[in-house]
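Here is a note for a colleague who is opening this structure for the first time. Please read the numbered points with the structure in view.

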Amino acid sequence: MDAAFEEFVAHGYVATRVEDIAARVGVTKGTVYFYFETKEVLFEAMFKHMAVPFTDIRAQLKTLTGPYADRIKAFFNFFYERIVLDRRSREMLRFIISEGSRFPHVVDRHYEETIAPMFDAARELFEEGVAAGELRASAALQIPELTLSPAIMLSFWYMLFADRKPRDVKAFIDGHIDLLLNGMVTRAECTTKEGSQGAY
């Protein structure tokens, strides 16, 4: 699966040859076909093996404690680590974009196992913060994608421009969280923390 991943990353689905995958492993092409009858079956097996499911994200969310501003910081740092900084996750996104029309069921599974759990966890966190009086009842409750989309954008940046136009990733993440908190945290909570609005 690792060998198949590297070949598909390097060449894309169409140009990848099963014999090159076999060569990486040190076996014959026939050996690969013994386990995977077609390249399509091999690709799907590779994708399922390498994808990073987020079905455990709610358990991770329950470990967060303290003010909701701190919980949001921790949650979004975790999100960036899993979505942007993890090469495997970035390449899975690349496959979804480049091969999605060929493997629509793979796209659906990726959404169900990776994207939807993250959106649901973000919504749950925001709802709890609003109920606690620490967050504003903003559009993020109905559309959590609004708050997570900068991380997706940074993933695209990595894929397209990383070698030519590198970004200060830490500054990007800190800036996103700062913007998010100043838009969501209640004015009273900001005042309590730092004595003025815009404290984050």
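1. Arg102 forms a salt bridge with Glu99, and their closest N and O atoms lie 3.4 Å apart; the term stands for a side-chain nitrogen of Lys or Arg within 4 Å of a carboxyl oxygen of Asp or Glu. Arg102 is partly exposed at a relative accessible area of 41%, whereas Glu99 is buried at 9%. Here buried means under 20% relative accessible area, exposed means over 50%, and partly exposed lies in between (1.4 Å probe, protein chains only).

2. This is a predicted model, in which local features need pLDDT of at least 70 and side-chain atom pairs count only at pLDDT 80 or more, while totals for chains, interfaces and linings use all residues. Residues are numbered from 1 along each chain as its sequence is written, and side-chain values use heavy atoms, with hydrogens and water left out.

3. How many salt bridges does a search of the whole structure find? The search gives 10. One of them joins the side chains of Arg17 and Asp20, at 3.0 Å from N to O. Arg17 has a relative accessibility of 43% and counts as partly exposed, and Asp20, at 25%, also counts as partly exposed.

4. Another salt bridge brings together the side chains of Lys62 and Glu124, at 3.1 Å from N to O. Lys62 belongs to helix α5 (residues 57-62) and Glu124 to helix α8 (residues 104-131), so this pair ties together parts that are 62 residues apart in sequence. Helices are DSSP runs (H or I, at least four residues), numbered from the N terminus. Lys62 counts as exposed, with 56% relative accessibility, whereas Glu124 is buried, with 16%.

5. Which side chain of opposite charge is nearest to Arg90? It is Glu91, 5.6 Å away, and Arg90 is buried yet has no salt bridge; for charge, Lys and Arg count as positive and Asp and Glu as negative, with His and the chain ends not counted. Arg90 sits in helix α7 (residues 87-99). Leaving aside residues up to four places away in sequence, Arg90 touches Ile83, Val84, Leu85, Ser155, Tyr158 and Met159, where contact means heavy atoms within 4.5 Å.

6. The largest pocket has a volume of about 200 Å³. On a 1 Å grid over the protein atoms alone, a pocket is an open set of points where a 1.4 Å probe fits, with protein on both sides within 12 Å along at least five of seven lines, and lining residues have an atom within 4 Å of a point. Of its 15 lining residues, Ile83, Leu93, His110, Thr114 and Ile115 are the closest to the centre. Helix α8 gives the most to this lining, with 6 residues. The lining of the largest pocket divides into 10 nonpolar, 4 polar and 1 charged.

7. The second largest pocket has a volume of about 150 Å³. Residues that line the second largest pocket include Met1, Ile21, Val25, Thr31, Tyr35 and Phe36. Its lining divides into 11 nonpolar, 1 polar and no charged residues, where Ala, Val, Leu, Ile, Met, Phe, Trp, Tyr, Cys and Pro count as nonpolar, Asp, Glu, Lys and Arg as charged, and the others, Gly among them, as polar.

Conventions:
Helices (H or I, at least four residues) and strands (E, at least two) are DSSP runs, numbered from the N terminus. Grid points are joined across faces, edges and corners, and a volume is the space filled by probe spheres set on the points.
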